[in-house]
Each structure stands twice: as structure tokens, then as C-alpha cells.
Amino acid sequence: MEGNIFEQGWETRKQDGFKDEQYFVIPTESFENYARHPLVRALYLTDIGFFPKARHHYREREEGTQEYILLYCVEGEGCIQVENRKYCLHGQEVFCIPRNKRHKYYASEAKPWSIFWVHFKGENTVHYPLEECLVVSLGSKHAENRIITLFDVLFRVLGCNYTLGNFIYISQVLSLILAEIYFREKVDEASKQNRHITATVRYMYKHLDENLSLRDLSRELELSKSYLNAVFKKYANRAPIDFFINLKMQEACKLLKSTDMYILEIAQSLGYDDPYYFSRIFKKMIGVSPREYRNGIYIQKQ
């Protein structure tokens, strides 16, 4: 019995009628012992396919499925509806349908999509934003090539024998696909965010003598306050104004070390009319008072 199964390879295929389609279903019930392995149960693929130029492609499931369904549109267009919300999917975009959610999806009549798709489940699904119904753009040709290559790897392995090693390998490739989609930083987006941070920091340096607010920064740089907050917390681990105050205190340290300016003068040069308030902020952030810092106490503590 087992020998016959191995001779079949992973050949539980269904034909949907699309030219050059690929479609594999893994008979999970026959390999429950493999599915219980820690490296397999973490992410377990159950169905996978590729439908090129899938004209009239349509699926509807009133009760949803027990697995997550990942759809990667290579080209063309299509629509996905989850519960009562509709999403459009275009080339180089990915969408994951949450498990147990009523849904339907279908190709555009004018520009039918070509899609890779995979059904999967597992313990590690909780670590990906699979319930958020996100349309994720891969953002570059390189990212698209990586995803297609990984799907090709899956198809090649699925054409081989049923072994525990292959089940583990498939799970690892699937996790790499999900990491590529959800966790690998998009180069274009990262570059844009870094440009915005650089521009903001340069503006801060030029206005250390002012008391800028988040509203001032967002107006000057034509960015929303929420966006500025998000990118600074992502890359600098602090809010923009906290970052600005830290710049002021670092500048105060330089002036205390390299000049004979009075503390009052330093405070005023950094936009603080009240030297006592300035001293409190300085001590809170640096750990000692401005006078102690100038006298080398801070340096000795290092």
C-alpha cells in the first residue's frame, strides 16, 4: 500500500480547465504522523496551484475554509470578497483570506488574473498578519522573481516522493514565502521612509533654537503627524519630538564641553528661556546637571 502511494508522487491533481495550470492537493489524512512533526505542524500546506490567465475563474465558500488561502496575482486583475468587504487584486499583489470567513473571489473579465495560490494552516500562522485582510504590493521585480522562484521550488518538491524530509522542506519554503511577503522590508518604501526621516532630522538641526511641535514638523515636511510618529518609532525607537529634544541635549553637551558659554546662554541658544527648565530636561536625559557635566562628572561616570 505504502509503495503504491510513493509511486504516485504528490499526484492528487484536479483540473480546472486553465491551460498550463498546476494544482496539487496533499492527502493530509494519509500522513498525519508527518503533520504532527514540530517543523511541519508549524506551517502545513494542504493545497497549492497556479492558474494562468484564468478567465471565468470563480470560487465561493459560504462557510470559508479551515485553512488560510494566500493568493498571489502575477498579472491581470481580480476581486476578492471577505464577508461583506471587497478587495481588488492586481499584478504583483498578494492577499490572504482568513480561515473560516465567508468569501468569494473571481478573475476580471477584461484582464483575467494569473495567480499562484496556496491553502495552509499551522501553529505559526498566528505570527503573520493573516487576519488583517491586507493587499500587499511586492514593490519590485526582484521581489516578484523571488516569490515565483519559491513557488517553483514547491512545485518541484511536490513532484517528488512522500517523505518526512520533503514535508519539512515544504513547510520551510512556505514560511520563507510568508516572510518575503509580510516581513521583508520593501526597498522602495524603506527608501522613501529613510528620505523622510533624513529630511526631518536635517530640518530639526537647522531649528535647534526653536520649540518645534509635531504639527510644525508635519506642516513643514507635508507629512501627516501619524506617519511621522510611525516612521520615527520604527527607525529611531522614539517619537519625533523626543528625538528633537535629544538632539538639543546632545548639542548642549557639545557646547558645555567646547565653549565657555554660560548655561543660561546655552539654554537660550536651544530655545529655552527658562534655564531651570532646561537644566531639568538635561538632567532627565543625560543623567547629571549641566554644571556637573561641564565639570567632568558625567565623563568620569563613563
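1. Strand S5 (residues 77-82) pairs with S8 in the antiparallel sense over five bridges. Strands here are DSSP runs of E of at least two residues, helices are runs of H or I of at least four, and both are numbered from the N terminus; two strands pair if DSSP finds at least two bridges between them. Val82 has His103 in S8 as its bridge partner. Strand S3 (residues 58-61) is also joined to S8, by four bridges and antiparallel, with Tyr58 opposite Tyr106.

2. This is a predicted model, in which local features need pLDDT of at least 70 and side-chain atom pairs count only at pLDDT 80 or more, while totals for chains, interfaces and linings use all residues. Residues are numbered from 1 along each chain as its sequence is written, and side-chain values use heavy atoms, with hydrogens and water left out.

3. Strand S8 (residues 103-107) has two faces: His103, Tyr105 and Ala107 are on the covered one, Lys104 and Tyr106 on the uncovered one.

4. Six strands form an open sheet with antiparallel pairing, in the order S1-S2-S9-S4-S7-S10. Its edge strands, S1 (22-25) and S10 (135-137), each pair on one side only. Neighbouring strands of this sheet are turned by 20 degrees against each other on average, direction ignored. Within the sheet, S2 (residues 44-51) and S9 (residues 114-121) pair over seven bridges, and Leu45 has Phe120 in S9 as its bridge partner.

5. Two helices lie across strands of the sheet. Helix H4 (residues 141-158) lies across S1, S2, S4 (68-75) and S9, at about 110 degrees to S2. Helix H5 (residues 164-182) lies across S2, S4, S7 (93-97), S9 and S10, at about 65 degrees to S4. Contact means heavy atoms within 4.5 Å; axes are lines fitted to C-alpha atoms, for helices over the stretch in contact, and angles run from 0 to 180 degrees between N-to-C directions.

6. The side chains of Glu180 and Arg146 meet in a salt bridge at 3.0 Å, N to O (a side-chain nitrogen of Lys or Arg within 4 Å of a carboxyl oxygen of Asp or Glu). Glu180 lies in H5 and Arg146 in H4, so the pair ties together parts 34 residues apart in sequence. Glu180 is buried at 9% relative accessibility, whereas Arg146 is partly exposed at 28%. Buried means under 20% relative accessible area, exposed over 50%, and partly exposed in between (1.4 Å probe, protein chains only). Arg184 is linked with these two residues in a network of salt bridges.

7. Another salt bridge, at 3.0 Å, N to O, is between Glu83 and Arg102. Glu83 lies in the loop between S5 and S6 (85-90), Arg102 in the loop between S7 and S8, 19 residues apart.

8. The structure holds 23 aromatic pairs. Rings of Phe, Tyr and Trp (its six-membered ring) pair if their centres lie within 6.5 Å; planes under 30 degrees apart count as stacked, over 60 as edge-to-face and the rest as tilted. Tyr87 and Phe95 have ring centres 4.7 Å apart and planes at 40 degrees, so their pair is tilted; both residues are buried. Ring pairs also link Phe24, Phe50, Tyr72, Phe116, Phe151 and Phe155 into a cluster.
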